[in-house]
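Here is a short report on one protein. Look at the overall fold, then at one helix.

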Amino acid sequence: MTTNDQKRGKLMLIDDTVYFGANLQEQLINLGFEVLFIPAPIGLEQAIDSFRPDLIYLDIDLGQFGNGIDICKKLTATRPEIPIILISASSESDIREAGIRSGAKSFIGKPLTASLLEACASPYLPASKGK
């Protein structure tokens, strides 16, 4: 088991598809990340305060829990220091544009792999920022 000092960074993954999120969480942990998977944005501010992520992956379509673009707008207004990357199965350019305009650093489409998330996270993690 690795210690927190050896972790590559702290990632928060917010997606309402539980099996998908839990699977990615396990894969990212195996790559050396500390990961908090949240299937619903309920209590999100408290989770962020407690976990203090280096990066948030946020699904755009959270089903009954709302719209990730709206959540991104709120988070970038209150937590500008935490980069957010939006994820979605949609490939519509207007949705991607709205996501970037909401304050997201990037947008990646599903299906996702842990290695893709790792590559997208790299520029925003503390180890990379010092280089």
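Which residues of helix H2 (residues 44-51) are buried? They are Leu44, Ala47, Ile48 and Phe51. These residues cover an arc of only 100° around the axis, which puts them on the same side of H2. The arc is that of the directions from the helix axis to the C-beta atoms. Buried means under 20% relative accessible area, exposed over 50%, and partly exposed in between (1.4 Å probe, protein chains only).

This is a predicted model: local features need pLDDT of at least 70, side-chain atom pairs count only at pLDDT 80 or more, and totals for chains, interfaces and linings use all residues. Residues are numbered from 1 along each chain as its sequence is written, and side-chain values use heavy atoms, with hydrogens and water left out.

The face of H2 turned away from its buried side carries exposed Gln46 and Ser50. Just after H2, Arg52 takes a positive phi of about 50°.

Now the whole chain. The protein has 6 helices and 5 strands. Helices (H or I, at least four residues) and strands (E, at least two) are DSSP runs, numbered from the N terminus. Their order along the sequence is β-α-β-α-β-α-β-α-β-α-α. Of the 131 residues, 42% count as buried. The C-alpha trace spans about 40 × 30 × 25 Å along its principal axes.
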